[in-house]
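Student: Hey, can we go through this one together? Pick a spot and start there.

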Amino acid sequence: MELPVVPRRPIDLDPLQRILEERYRPQDHQEAQELIVGACQEAQHLYGWVPPQAAHLIAEHLGVTINRVYGLLTFYADFRTQPPGRHYLWLCYGAACYVAGAQRLIEVLRDEYGMDEKGDLADGILSVNVFNGCLGVCDLAPVGQLDHQTYVGHLTAEELRALIERLRRNDGVEGSHGGSH
Ligand code: FES
């Protein structure tokens, strides 16, 4: 199976800017404070973490202090303020993907690649977000989306391993796979 690999991209703030302008328009200071967490969730959804540039953009847009934004980012354990792995995989855990074997893929990631509770693989090559919803492409189940742009469908454990090895080779990262295949 050919799995396209894309280089890590720089942070593009334009999508976040658009979302903020469309949906985050506080009427007063109180409302601005209340919107910070939601705006940070948007950033994390877009980038896989909340980069400093995004935090500053949110503070500027809402008219709140950067300290307030970072205060909330560090208060909630779900937020990341450090970059995740070099690549990012949304792994679908919706009903169709679950039935088609998504759980096995998660076990491989945990047991063979040391995926931690944040979804980071031990060697930093990949961060995985197990998505408890539906990516909308159930005919590809079990499926993931790599680096926000490429669907990798009908994933078996073998193909997942091959994908990770390919990412490692492409990025020049030494493999430390301790699996038994
Ligand atoms: S349940 Fe995974 S794409 Fe729909």
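Predicted model: local features only at pLDDT ≥ 70, side-chain atom pairs only at ≥ 80, totals over all residues.

Student: How do α2 and α3 pack?

Tutor: Their angle is about 150°, and their axes lie 10 Å apart. The axes are lines fitted to C-alpha atoms, for helices over the stretch in contact, and angles run from 0 to 180 degrees between N-to-C directions. So α2 and α3 are roughly antiparallel to each other. For the wording: under 35 degrees is roughly parallel, over 145 roughly antiparallel, 65 to 115 roughly perpendicular, and the rest oblique.

Student: And which residues meet there?

Tutor: From α2 you have A32, L35, I36, A39, C40, A43 and Y47, and they meet A54, I58 and L62 in α3. Contact here means heavy atoms within 4.5 Å. By class, that contact has 10 nonpolar, no polar and no charged residues. Ala, Val, Leu, Ile, Met, Phe, Trp, Tyr, Cys and Pro count as nonpolar, Asp, Glu, Lys and Arg as charged, and the others, Gly among them, as polar.

Student: What about α3 and α4?

Tutor: That pair packs at about 125°, with axes 9 Å apart, so α3 and α4 are oblique to each other. P52, A55, H56, I58 and A59 of α3 make the contact with I66, V69, Y70 and L73 of α4. Sorted by class, this contact has eight nonpolar, one polar and no charged residues.

Student: And at what angle do α1 and α2 pack?

Tutor: α1 (residues 14-23) and α2 (residues 29-47) pack at about 150°, with their axes 10 Å apart. That makes α1 roughly antiparallel to α2. P15, L16, I19, L20 and R23 in α1 meet A39, E42, A43, L46 and Y47 in α2. Those residues divide into eight nonpolar, no polar and two charged.

Student: Why do I keep seeing nonpolar ones?

Tutor: In general, nonpolar side chains tend to be buried together in soluble globular proteins. Here, the largest nonpolar core has 25 residues, and L16, I58, L62 and V69 touch the most other members. A nonpolar core is a set of buried Ala, Val, Leu, Ile, Met, Phe, Trp, Tyr and Cys residues joined through side-chain atoms within 4.5 Å.

Student: Which elements give two or more residues to this core?

Tutor: They are α1, α2, α3 (52-62) and α4 (66-75). The largest share, eight residues, comes from α2. There's also a second, separate core of 20 residues, which includes L121, L155, L160 and I164.

Student: Is Q17 buried or partly exposed?

Tutor: Q17 is in helix α1 and counts as partly exposed, because its relative accessibility is 29%. The C-alpha atoms of Q17 and I58 are separated by 8.5 Å, although these residues are 41 apart along the chain.

Student: Let's zoom out. How many helices and strands does the chain have?

Tutor: The protein chain has seven helices and four strands. From the N terminus, the order is α-α-α-α-β-α-α-β-β-β-α. Of its 181 residues, 43% count as buried.

Student: Is D147 buried or exposed?

Tutor: D147 is buried, since its relative accessible area is 8%. H148, in the loop between β3 and β4, also isn't a glycine and has a positive phi of about 65°. H148 is partly exposed, with a relative accessible area of 29%.

Notes: Residues numbered from 1 in each chain as written. Heavy atoms only, no water. Buried < 20%, exposed > 50% of the residue type's maximum accessible area, 1.4 Å probe, protein only.
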